[in-house]
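Opening the notebook on a new chain today. I'll jot down what I look up as I go.

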Amino acid sequence: MTSIKKIKSYLGVLPVMILIIFVLAVGIFGAFLQSLGFFPIAGMNEISLKYYIDIIHNSEFIKSFGFTIYTTLVSSFLSVVLGVIIAKILVESKIKREFIYKLPIIIPHIIVALFAIIFLSDTGFLSRLAYFFGVSDSEKYFAHFLYNKNGLGIIISYIWKETPYVLLSVLSILRNLSGKHEMIAINLGASKLYAFWNITVPMLLPTIISTFTIVFAFSFGSYEIPMLLGSTFPKALSVQAFVEYQNPMFSNRPYAMAINIIIILFCIISVSVLNLIIKRIVLGGIRDE
């Protein structure tokens, strides 16, 4: 009876899933063909790897790729760390007002970028507040946050947006975990930090890696925040792809599509590797039991 209900639930969403997969597959396939130089509208009918080769040997692309990995890795790692720490604090304090930390999840990325401009720019609210309290050169300090090669504005915005997602994912697991293992370790002389790091964190590891995977993949291909808060050079890959796409010459379109395909492939490979790690951790835990 349960299996019949499951089949009916799957059948209920099947039409929508087919439509989504079809649109996604057609879009990716079309982008892939254009990345190979097949763009009949512009009179380009020859398939070639020329555009991928040109991009890989382009120093601007290499720097953009490195900049994107840097901002994505740092923001994703710090989001996971902060999410786990805050989740632990909330569980111990038994605070249940979840709407406070759910709020950033529903706010669009473009609004987050506008918040960053309002608060973190050299003439923003925090800079003016610092000046009011006697920091005469506050503009100079806040000038390093936005539109800079260090990507601080991008990283801070991603952290603010992604930490609540990690928090909610970890929080649901932490609330279902029994704290008796930690209590036993503490009673035997271990510190709270040692007990949490060596007992609870390993149990949370599959969830931590899965949330990191989602956050990393999303941030790597995200466009709004790097476009509004990033430097003119190097640009994030998604921004570089859009710049190439806006080129009035149709003959330049394959370069934009090649960058998009590289972003997709990198995300697929990253997600696959991290999922493999999760499976090994889970299987290892089952064998140990």
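Before placing any residue, I note what I call a helix: a DSSP run of H or I with at least four residues, numbered from the N terminus. With that settled, I find Phe29 in helix H1, which covers residues 2–35. I also remind myself that this is a predicted model.

**Entry: Phe29.** Buried or exposed, I wondered about Phe29? The relative accessibility comes out at 52%, and the cut-off for exposed is over 50%, so Phe29 counts as exposed. I then checked Phe29 against Ile261: 232 residues separate the two in sequence, yet their C-alpha atoms sit 9.6 Å apart in space.

**Entry: the whole chain.** I stepped back to look at the secondary structure and got 13 helices and zero strands. Read along the sequence, the pattern is α-α-α-α-α-α-α-α-α-α-α-α-α. I also looked up burial for the chain, and 36% of its 289 residues count as buried.

**Entry: helix H3.** H3 takes in residues 59–93, 35 residues in all. From the first C-alpha of H3 to the last I get 51 Å, close to the 51 Å expected at 1.5 Å a residue. What happens at the start of H3? There, I see a side-chain oxygen of Asn58 coming to within 2.8 Å of the backbone nitrogen of Glu60.

**Entry: H3 against H8.** For packed helices I want two things, the angle between the axes and the distance between them. For H3 and helix H8 (residues 152–176), I have an angle of about 40° and axes 6 Å apart. That angle makes H3 oblique to H8. The crossing of H3 and H8 is right-handed. I sorted the residues in the contact of H3 with H8 by class: 20 are nonpolar, six polar and three charged.

**Entry: Ser270.** Which backbone atom does the side chain of Ser270 reach? I find the backbone oxygen of Phe266 at 2.8 Å from the side chain of Ser270.

Terms used
Residues numbered from 1 in each chain as written. Predicted model: local features only at pLDDT ≥ 70, side-chain atom pairs only at ≥ 80, totals over all residues. Heavy atoms only, no water. Helix = DSSP H or I, 4+ residues; strand = E, 2+ residues; numbered from the N terminus. Expected span 1.5 Å × (residues − 1). Polar contact = N/O pair within 3.5 Å; in protein donor to acceptor, adjacent residues only side chain to side chain. Axes fitted to C-alpha atoms, helices over the stretch in contact; angles between N-to-C directions. Parallel < 35°, antiparallel > 145°, perpendicular 65-115°, else oblique. Left-handed = near helix turned anticlockwise from the far one by under 90°. Nonpolar A, V, L, I, M, F, W, Y, C, P; charged D, E, K, R; others polar. Buried < 20%, exposed > 50% of the residue type's maximum accessible area, 1.4 Å probe, protein only.
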